[in-house]
Amino acid sequence: MQTQDIEKLQERIRQCDEHIIEALIQRMQLTRELAELDKKYHQPLLTMVSAQGGGRSGNHDGSREDNPSEGLYGYLDTMLRGCPDETMIREIYQTVMESTKKVRAQSLFSCNILLVGFMGTGKSTVSSYLVKALGVEEIDTDRLIEQREGRSIAGIFETDGEAYFRRCETQLLAELQKRKNLIISCGGGMVLQEENVRLMKENGKIVLLTASPETIYGRVKDSRERPLLNNNMNVEFIAGLLEKRRPKYLKAADIIIDTDGRDVADICEELIEKVAGSAE
Ligand code: S3P
């Protein structure tokens, strides 16, 4: 009798597992289909991100809303009221939502997205937003080089010079292009070397962010971390260097996005629409 009870319970658990697996397979499949339709009918492609940094989705994937009583989170709250496993179930649900974002991202683009542009054109800000909205991995080439070298960019320039730093950039790019679905935020000088551009195009879309010298100055004026600007922090110098580099930036770019006076959500939506469109 006892063993029969155990077997019955085991069977019911197995059935639960089957439901979960089937539901997950179906959810991911539907997510892919929805991404395709959103692309086709020019619907917004990005899940929105709250200013606090927590993810918030559009209506269709049911992930965390800014207002927790909205959408499926309201349903979850009701269902979990008094449930002893509330915390665990919320964690699992959150994981499913994050995975859904990734699946959606894979449907929208399969390459790496390389953000390039002059210092202060918003690469890091755009990168952080995209990463939250798409659940994909972010690489900031400057930060990764700093980590590996165990010193700041300014320190590298001071001790080993710019040429050494540029070699680090090329090495890192070669490594990153073996992976996919990354958002790679590149240092402002990355596209100056033809070899780098070649590497970037192997497996990535190069997105150039642009801004006026005045906007750039406004964004970088308080920073001490950019050795090229440290003794030249003024609009004239920025305008001159930008002009000198412009042909290389333009030549490298697959997609160009102006960031002047725009909010990050708007910039990222245009970016993903163009990347997704160009992948077809
Ligand atoms: C550089 C830009 C910097 C950094 C280094 C050199 C450049 O990155 O890589 O100081 O040559 O434009 P950001 O564009 O992220 O500031």
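Predicted model: local features only at pLDDT ≥ 70, side-chain atom pairs only at ≥ 80, totals over all residues.
1. Disulfides, taken as pairs of cysteine sulfur atoms within 2.5 Å, number zero in this structure. Cys16 takes part in none, and the nearest cysteine sulfur to Cys16, that of Cys83, is 13 Å away. With a relative accessibility of 46%, Cys16 counts as partly exposed, given that buried means under 20% relative accessible area, exposed over 50%, and partly exposed in between (1.4 Å probe, protein chains only). Cys186 is likewise in no disulfide, the nearest cysteine sulfur being that of Cys111, 13 Å away; Cys186 is buried, at a relative accessible area of 3%.

2. Residues are numbered from 1 along each chain as its sequence is written, and side-chain values use heavy atoms, with hydrogens and water left out.

3. As to the overall layout, the protein chain comes to ten helices and five strands, where helices (H or I, at least four residues) and strands (E, at least two) are DSSP runs numbered from the N terminus. Its C-alpha atoms fill a box of roughly 85 × 40 × 35 Å along the principal axes, and buried residues make up 42% of the 280 residues. Of the contacts (heavy atoms within 4.5 Å) with a separation of 6 or more, 69% are between residues 24 or more positions apart.

4. Helix α1 covers residues 2-40, and its 39 residues should span 57 Å at 1.5 Å a residue, which agrees with the 57 Å between its end C-alpha atoms; the expected span is 1.5 Å times one less than the number of residues. Met28, Thr31, Ala35, Asp38 and Lys39 are the buried residues noted in α1, and what covers the buried residues of this helix includes α3 (86-108) and α10 (264-278). Just after α1, His42 takes a positive phi of about 50°.

5. The UniProt record, an unreviewed entry, places a "coiled-coil region" at residues 6-40; its positions are given in the numbering used here, feature names are shortened, and annotations may be inferred rather than shown by experiment. In the model, residues 6-40 are 100% helix and 0% strand, with end C-alpha atoms 51 Å apart.

6. The largest nonpolar core has 36 residues, and those with the most contacts inside it are Phe118 and Met200; such a core is a set of buried Ala, Val, Leu, Ile, Met, Phe, Trp, Tyr and Cys residues joined through side-chain atoms within 4.5 Å. Elements giving two or more residues to this core include β1 (112-116), α6 (153-176), α7 (194-202) and α9 (235-252), and α6 gives the most, with eight residues. Apart from this core lies another, of 27 residues, among them Tyr129, Val207, Leu209 and Ala276.

7. Leaving aside residues up to four places away in sequence, Phe118 touches Lys123, Leu209, Ile216, Ile238, Leu241, Leu242, Arg245 and Tyr249. Ser185, placed in strand β3, counts as buried at 3% relative accessibility, and, again not counting residues up to four places away in sequence, Ser185 touches Leu115, Lys123, Ser124, Ser127, Ile139, Asp140 and Thr141.
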